[in-house]
Amino acid sequence: MYDIESVIVASTVDEAIEELVKNPKAEVISGGTDVLIKIREGKMAGCHLVNISNIPELKGIEMDSDGTIIIKAATVFSHITNDDIIKQYIPNLGDAVDQVGGPQIRNMGTIGGNVCNGVTSADSASTLCVLDAKMELKGPEGTRIIPITEWYQGAGKTVRKQNEILTAIRIEKENYEGYHGRYIKYGKRKAMEIATLGCSVMTKLTPDKKAIEKLKIGYGVAGPVPMRCVEAEQMARGKTVSRELLDCICENVLKEVHPRSSWRASKEFRLQLVEEMLRRAFEETVIAGGGNIDV
Amino acid sequence: MFKIIHMVVNGKEVEVPVDERESLLETLRNRLGLTSVKKGCEVGECGACTVLVDGEAIDSCIYMTVCAEGKHILTTEGLKGPNGELSPIQKAFVEEAAVQCGFCTPGLIMSAVEIVGTGKRYNREELKKLISGHLCRCTGYENILNAMERIVEETYQVTQRNFAEEKNC
């Protein structure tokens with residue numbers, strides 16, 4: 001038995017919002033793979049839940065006529081990884097969510113829940129950061145769209161209000177077209193693990209494959225919230241791909257991140273991971289894009 | 001509060017009153033008597049409670065029964081043949097001695113049902129990833145992987161044969 005007061009299984013988004021408005025203490029639960037664990041630990045005793053995992057309008061992945069990829073918030077991880085649109089256009093996101101927990105968790109956990117938790121270690125978060133995802137929130141006052149850069153307010157905190165539902169995550173064409181991406185997760189085990197550090201890189205090379213047109217670097221667990229390294233990204237723009245450039249990017253990145261020590265790993269180890277994983281991910285994206293770092 | 005939930009469990013329609021605070025694990029074990037579904041860690045780490053919901057393996061300990069309304073649930077009890085015989089997956093586990101204490105076995109078999117159902121051929125490394133949501137403290141996984149490899153290969157061969165026959169028709 002879960003230690004909760006009540007649960008309502010909503011069948012539409014509007015019904016869910018109505019329930020949240022009616023009971024300002026009610027909390028949203030989606031796949032439940034994090035919320036129900038917290039409940040098992042007795043951390044949410046007596047809470048009221050509004051379950052949104054069975055709402056059809058929150059499931060699936062679509063592409064708009066302008067090439068925007070729309071991932072509905074209650075789509076489970078395994079469905080994202082196996083989706084044809086994701087496989088073709090943003091396979092790095094499919095790979096990232098394929099590293100969450102284990103197979104059963106990936107059949108239950110949702111991408112919306114992953115970002116609404118507000119945790120820095122969420123496997124989807126750093127990749128959504130480099131994809132410049134737009135978060136679509138619906139509440140009693142209507143819909144608002146928040147760029148992911150403004151989504152996180154602090155550890156475990158997002159801009160989502162109690163009575164709002166994250167309905168979709170939108171990824172615009174200009175943010176994936178021409179890029180090659182890679183997410184690397186470091187954990188002590190390959191499965192059932194929370195990231196010690198997550199690094200997501202997307203690289204767009206110039207048409208001659210020699211220089212960087214655009215570079216995006218995202219991290220999880222390199223700070224209290226998932227983050228981008230904007231200064232390093234800007235510094236790299238237009239520069240010729242080389243080992244020296246990669247050294248410079250790493251130098252910049254290390255100034256921007258601020259990981260801390262936890263029982264999982266020390267700050268010093270995380271800083272080493274920040275650099276090493278960036279080197280590996282960057283090199284792979286350059287090769288995938290037809291470039292060569294050693295020329 | 002009690003709620004009436006309608007599900008199809010192992011091919012049979014059931015209507016069962018449940019406490020809304022109940023996990024699917026509790027409903028299956030305590031109300032429907034399906035004790036192949038094991039209660040292990042209760043936090044989705046060990047996979048002993050794995051069942052299929054609409055064909056997908058999930059941890060029933062962190063699945064609220066109220067969400068199962070209208071869903072198809074499959075447990076190891078539902079694999080039984082018309083005369084009580086074991087399914088090919090269960091036979092593979094027996095023949096490869098993939099069982100010691102047996103506590104993780106029903107969960108692993110349900111994951112195997114999902115894996116085999118894809119009809120795809122997986123190598124040992126891929127299978128390791130596919131069963132990574134299960135903990136077995138006895139076997140060291142070797143015989144479990146042998147059983148999985150065997151059943152995946154057998155099923156693949158059968159599907160290929162059927163496919164070839166269809167083509168010839």
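Helix α3 (105-117) of chain B lies across strands β3, β4 and β5 of that chain and runs at about 35 degrees to β3(B). Here axes are lines fitted to C-alpha atoms, for helices over the stretch in contact, and angles run from 0 to 180 degrees between N-to-C directions. Helices (H or I, at least four residues) and strands (E, at least two) are DSSP runs, numbered from the N terminus. The model is predicted: local features need pLDDT of at least 70 and side-chain atom pairs count only at pLDDT 80 or more, while totals for chains, interfaces and linings use all residues. Residues are numbered from 1 along each chain as its sequence is written, chains are lettered from A and ligands numbered from 1 in the order in which they are written, and side-chain values use heavy atoms, with hydrogens and water left out.

The sheet of chain B is open and mixed, with five strands in the order β2-β1-β5-β3-β4; two strands pair if DSSP finds at least two bridges between them. Its edge strands, β2 (12-19) and β4, each pair on one side only. On average, neighbouring strands are turned by 40 degrees against each other, direction ignored. Strand β1 (residues 2-9) of chain B is antiparallel to β2(B), and eight bridges join the two. Within β2(B), B:E15 is the residue opposite B:H6. Helix α1 (residues 24-31) of chain B also packs on this sheet, touching β1, β2, β3, β4 and β5 of chain B, with its direction at about 110 degrees to that of β2(B).

| Interface of chain B and chain A | Value |
|---|---|
| Residues in contact (heavy atoms within 4.5 Å) | 31 of chain B, 28 of chain A |
| Buried area (accessible area, 1.4 Å probe, lost on being put together, summed over both) | about 2500 Å² |
| Salt bridges (side-chain nitrogen of Lys or Arg within 4 Å of a carboxyl oxygen of Asp or Glu) | two |

Carbon and sulfur atoms give 53% of the buried area. On the side of chain B, B:R21, B:I62 and B:M64 lose the most area to chain A, together 26% of what that side buries. One salt bridge joins B:K129 to A:D98, whose closest N and O atoms are 2.3 Å apart.

The side of chain B that touches chain A draws at least two residues from each of β4 (56-59), α3 and α4 (124-130) of chain B. β4(B) gives the largest share, four residues.

Note on methods. Buried area is the accessible area (1.4 Å probe) that two parts lose on being put together, summed over both.
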